[in-house]
Amino acid sequence: MDNITSHIEALIFASDTPIPLKEIKLCLESILDEILDKTVLQNKIIALQQKYLNNNFSFSIVEIAGGYQFLTKPEFNETLSILIQQKSKKKLTKSALETLSVIAYRQPITKGEMERIRGVNCDYAVRKLLEKELVAITGRSKEVGRPLLYGTSEKFMQHFGLKSIKELPKLKEFKHEDNQIGTLTEE
């Protein structure tokens, strides 16, 4: 293989989710039929990240959600938000956004706990969030009846550009217009 860097770039580009270094390594070792050093591969990824810092590119390689992915640079967010608004047919309701917030900040959490916090039934909102893969079932509680526990998903992390849940803004940092998925609709 002449240029490992180009192959790494192709793997990151072709992956629809963040591709972990381990997976990149396995793919390349399979092609080359030899063991590769993780540090060498990581240095090649860093070199690619440096390459895409150049203003000639509207995107960059970002380490996110345990892997690497091409993402558009922040200065193009407004342009892309218009495109997403035009294409988006699936919108979250205010109820679903509130439920998603409760899950993000209190995870792992049961549906009963969500309902106590919100004061309303959350069945529909939780079902929609599961369908959109923004939340996932993370296990079962030790409470009576062993209710399901919910938490945010990798898709949630990708959508909000977070490496870890610790990067969520503190509640006092919230600005409503900066933290929306789609357009609000009334139920």
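Arg140 lies opposite Leu148 of strand 5. Strand 5 (residues 148-152) pairs with strand 4 in the antiparallel sense over five bridges, where pairing requires that DSSP find at least two bridges between two strands. Helices (H or I, at least four residues) and strands (E, at least two) are DSSP runs, numbered from the N terminus.

This is a predicted model, in which local features need pLDDT of at least 70 and side-chain atom pairs count only at pLDDT 80 or more, while totals for chains, interfaces and linings use all residues. Residues are numbered from 1 along each chain as its sequence is written, and side-chain values use heavy atoms, with hydrogens and water left out.

The open sheet consists of three strands in the order 3-5-4, with antiparallel pairing. Strand 3 (109-110) and strand 4 (135-140) are its edge strands, each pairing on one side only. Two helices pack on this sheet, as tabulated; contact means heavy atoms within 4.5 Å. Axes are lines fitted to C-alpha atoms, for helices over the stretch in contact, and angles run from 0 to 180 degrees between N-to-C directions.

| Helix 5 | strand 3, strand 4, strand 5 | about 95 degrees with strand 5 |

The largest nonpolar core has 22 residues, and Leu92, Leu100, Ile103, Met114, Leu129 and Phe156 have the most contacts inside it. Such a core is a set of buried Ala, Val, Leu, Ile, Met, Phe, Trp, Tyr and Cys residues joined through side-chain atoms within 4.5 Å; buried means under 20% relative accessible area (1.4 Å probe, protein chains only). Helix 5 (94-106), helix 7 (123-131) and helix 8 (154-160) each give two or more residues to this core, and helix 5 supplies its largest share, six residues. Another core, of 16 residues, lies apart from it and includes Ile4, Ile8, Leu28 and Leu36.

Definitions and conventions: Buried means under 20% relative accessible area, exposed over 50%, partly exposed in between (1.4 Å probe, protein chains only).
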